[in-house]
Amino acid sequence: RRGNIVAMQNYANHARTVPLYHYVAGPLLIINALYAIWQLKNGLSADSVLFATTAVSLVLIGFYARAFALKAQDRVIRLEMRLRLREILPPRMHGDINRLTVPQLTGLRFAGDAELPDLVAAALKDNLGRRDIKKLVKDWQADDERV
């Protein structure tokens with residue numbers, strides 16, 4: 001969404017970035033950690049070691065905060081997609097649902113209902129990954145809630 005204009009989501013533009021997180025906070029934390037480590041060359045002291053370990057810890061916290069949020073969201077997507085597939089797939093394909101990997105399920109979530117049976121079959125037959133599945137989606141269903 002830009003101003004009053006809503007852009008249609010598709011494979012090319014669906015990745016979500018949060019500018020203050022990705023382009024400001026992340027780089028600042030990394031620069032700070034590199035500087036703190038570089039400062040250790042002036043000699044080890046309790047302050048310089050504390051500064052460096054704190055700076056590196058902040059980078060790790062930033063990384064894991066994102067990783068944990070995405071992992072939790074993937075679990076929700078897995079549940080959501082399993083429920084959705086049970087409603088949409090013909091009964092003969094219900095056994096296939098539990099064979100799908102989490103990356104496959106997260107790729108399939110963008111597909112419209114009509115194309116899901118064929119995409120599920122292709123994902124399992126050809127062992128398609130998340131990106132491969134997304135590229136095959138014709139009726140893209142936007143996910144504006146992704147973290």
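**Notebook: rings, patch and core**

I began with the aromatic rings of this predicted model, and I counted five aromatic pairs. In one of them, the ring centres of Phe63 and Tyr64 are 5.0 Å apart and the planes meet at 80°, so I noted the pair as edge-to-face. Tyr64 also pairs with Phe68, and here I wrote "tilted", with 5.5 Å centre to centre and 35° between the planes. Tyr64 and Phe68 are four residues apart in helix H2, which means about one helical turn separates them. I also found a cluster in which ring pairs link Tyr35, Trp38 and Phe51.

Next I looked up the surface. Which residues form a nonpolar patch there? I listed Ile37, Val56, Leu60, Phe63, Tyr64 and Phe68, with about 590 Å² of accessible area together. Helix H2, residues 46-88, supplies the largest share of this patch, five residues. Val56, which sits in helix H2, is partly exposed at 32% relative accessibility. Tyr64 is partly exposed too, at 40%, while Phe68 counts as exposed at 56%.

Last, I turned to the inside. Nonpolar side chains tend to be buried together in soluble globular proteins. The largest nonpolar core here has 20 residues, and Met81, Leu85, Leu89, Leu100, Leu108, Leu116 and Val120 touch the most other members. I saw that H2, helix H4 (102-108) and helix H5 (116-125) each give two or more residues to this core, and H5 gives the most, with five.

Key: Residues numbered from 1 in each chain as written. Predicted model: local features only at pLDDT ≥ 70, side-chain atom pairs only at ≥ 80, totals over all residues. Heavy atoms only, no water. Patch = residues over 30% accessible without salt bridge, like charges linked within 9 Å, V, L, I, M, F, W, Y side chains within 5 Å. Areas by Shrake-Rupley, 256 points an atom, 1.4 Å probe, with all protein chains shown as cover. Salt bridge = Lys/Arg side-chain N within 4 Å of Asp/Glu carboxyl O. Buried < 20%, exposed > 50% of the residue type's maximum accessible area, 1.4 Å probe, protein only. Core = buried A, V, L, I, M, F, W, Y, C linked by side-chain atoms within 4.5 Å. Phe/Tyr/Trp six-rings, centres within 6.5 Å; stacked < 30°, edge-to-face > 60°.
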